[in-house]
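Hi,

Here is the structure I promised to pass on. Have a look at it first, and then read my notes below.

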Amino acid sequence: MSEEKRLLNVSASPHFRSSDTVTGIMLDVIIAMVPSLLASVYIFGLRVLLVTAVSVLSCVGFEYVSRKIMKRHNTLADLSAVVTGMLLAFNLPVDIPLAMVVIGAAVAIIVAKQFFGGIGQNFVNPALVGRIVLMVSFPVQMSKYGMPFAWQHKGADIVTTATPLSVLGNPASDVQLPRLIEMLLGIRQGSIGEVCAIALIFGFIYLLIRRVIKATIPLCFVGTVALIMLIASKGDLTFVAYEVLSGGLLLGAIFMATDYTTSPVNFKGQVIFAVGCGIITSVIRLFGSLPEGVSFSIIIMNILVPQIEKFTTPKPFGTVKEKKAKEAAQ
C-alpha cells in the first residue's frame, strides 16, 4: 500500500456526499408539475401557458434584478425561481389579469424570498405568500374561475365562486357538484394547477420515485383532512372524497408543504407539521368564511417549523440536558 493511500484525510462535514444538486431537484419538481400543466391547458385553454409564462418570467426577472441590486451572486441557474413561478401560476385563476400575476411574482420573490437572503433562507413558501397577497388585495379577480372547456366556445363568460368547495360549504346552493370522476380528471372550476387530481398524483409518484420528497407530509396532511371531514360528516365517504379532491389540498400537500426550506427535516417533525396543516385547513373549511384554507395552513405551520424542530430534533448521543447539567453543578 502506498504512503498516500495510508493517509487519513480529515475534512469538514458533511462526510456523506450526494450527487443531488439544487438544480437537479428543482428540475425534477418542474418535470413533476408538467402533467398538471398539460391537463390544465387541455381543460382551460392556451391562456394557461400565458399566465404560467408571465409568472415564471416575472419571478426570474425579479430574482435577477433584486440580487443584482443587493450585490449578491446570480442564482438563476438553480431553477428555484422557475419553480416558484410555476407554483404561483398553479394557484391562480386562468382569467386573472396579467398585471396581477406580476405583482404576485414580485411579492413572492422580492419580499418572501430575497429579503430573507434567497433560497434556503426564506421561512415561508414564496409562492403561497404571493397568492395570499393577491387574494387579500384582489378578492374579486382571484375568485373568478373559468368553466372547463369554455375556451372552445367564443364569448363564454367566467363564473365567480362556484368551485366545488364553495358548493360544499353552502348546502343551500343550487349549483350541481361535478361527479367524482370529473373531480379526478379536473373537469371542474378552480385554480390552474389544482383541478386535475390524476395529474397531481402522477407528479407525486414521480417525486417519490426520484426520492425528491418523502410520502410523510402529503399522506399525513391529506389523511388528517380526510379523517376530520369523516368525523364532521358523520361517516359520509362521498363528502370526504369531495373535500380531498376539491380546492388546492393535493397541490399544497404534494408541492408546497414538502418544500425543503420551510418544512421540518426529521420524521416526527414532519408528522406534526403535516397534521397541523390538516387541522388548520379543516377548521377553515368547516368554520371559516373562506371555503379554502390550504394556503393559510401551510404558511402558519411554516412559521412554527423552528419550534417544531426545537422539540423534535434528536439529541446527539452523550448530550447532557441543560436541567441535569445544572443539577450536577450544584
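Let me begin with Lys113. In this predicted model, Lys113 is in the loop between helix H5 (98-111) and helix H6 (126-137). Is Lys113 buried or exposed? Lys113 counts as buried, because its relative accessible area is 3% and the cut-off for buried is under 20%. Its side chain makes a polar contact with the side chain of Glu63, at 2.8 Å. Setting aside neighbours within four places in sequence, Lys113 is in contact with Glu63, Ser80, Ala81, Ala108, Gly118, Ile119, Asn122 and Pro126.

Two of those names, Ala108 and Pro126, turn up again around Thr84. Thr84 sits in helix H4 (residues 80-90) and is buried, at 9% relative accessibility. Once neighbours within four places in sequence are left out, the residues in contact with Thr84 are Cys59, Ala108, Ile109, Pro126 and Ala127.

On to the aromatics. The model has 2 aromatic pairs. One of them is Tyr42 with Phe149: the ring centres are 5.3 Å apart and the planes are at 75°, so this pair is edge-to-face. What does the pair tie together? Tyr42 belongs to helix H2 (residues 22-44), while Phe149 is in the loop between strand E1 (144-145) and strand E2 (159-160), so the pair links parts that are 107 residues apart in sequence. Tyr42 is exposed, at 54% relative accessibility, whereas Phe149 is buried, at 17%.

The other pair is Phe116 with Phe123. Here the centres are 5.0 Å apart and the planes are at 80°, so this one is edge-to-face too. Phe116 is partly exposed, with a relative accessible area of 39%, and Phe123 is also partly exposed, at 39%.

The largest nonpolar core has 80 residues, and Phe221 and Phe255 have the most contacts inside it. Which helix gives this core its largest share? That is H2, with 10 residues.

Phe255 is also one of the buried residues of H13. Helix H13 (residues 249-256) has 8 of its 8 residues buried, so the rest of the structure largely encloses it. Those buried residues are Leu249, Leu250, Leu251, Gly252, Ala253, Ile254, Phe255 and Met256. Leaving out neighbours within four places in sequence, Phe255 is in contact with Val29, Ala32, Met33, Leu87, Leu200, Gly203 and Leu207.

As for individual cysteines, Cys196 is buried, at 9% relative accessibility, and Cys220 is partly exposed, at 22%.

Last, a word on confidence. The protein chain averages a pLDDT of 87, and 84% of the residues score at least 70. Where is confidence lowest, and where is it highest? The lowest is in E2, with a mean of 49, and the highest is in helix H10 (residues 197-209), at 97. Keep the E2 value in mind when you look at Phe149, as the loop that holds Phe149 runs between E1 and E2.

Over to you!

Methods. Residues are numbered from 1 along each chain as its sequence is written. Side-chain values use heavy atoms; hydrogens and water are left out. Rings of Phe, Tyr and Trp (its six-membered ring) pair if their centres lie within 6.5 Å; planes under 30 degrees apart count as stacked, over 60 as edge-to-face and the rest as tilted. Helices (H or I, at least four residues) and strands (E, at least two) are DSSP runs, numbered from the N terminus. Buried means under 20% relative accessible area, exposed over 50%, partly exposed in between (1.4 Å probe, protein chains only). A nonpolar core is a set of buried Ala, Val, Leu, Ile, Met, Phe, Trp, Tyr and Cys residues joined through side-chain atoms within 4.5 Å. Contact means heavy atoms within 4.5 Å. pLDDT is the predictor's confidence in each residue, from 0 to 100. A polar contact is a pair of N or O atoms within 3.5 Å; within protein, one must be able to donate a hydrogen and the other to accept it, and residues adjacent in sequence count only if both atoms are side-chain atoms.
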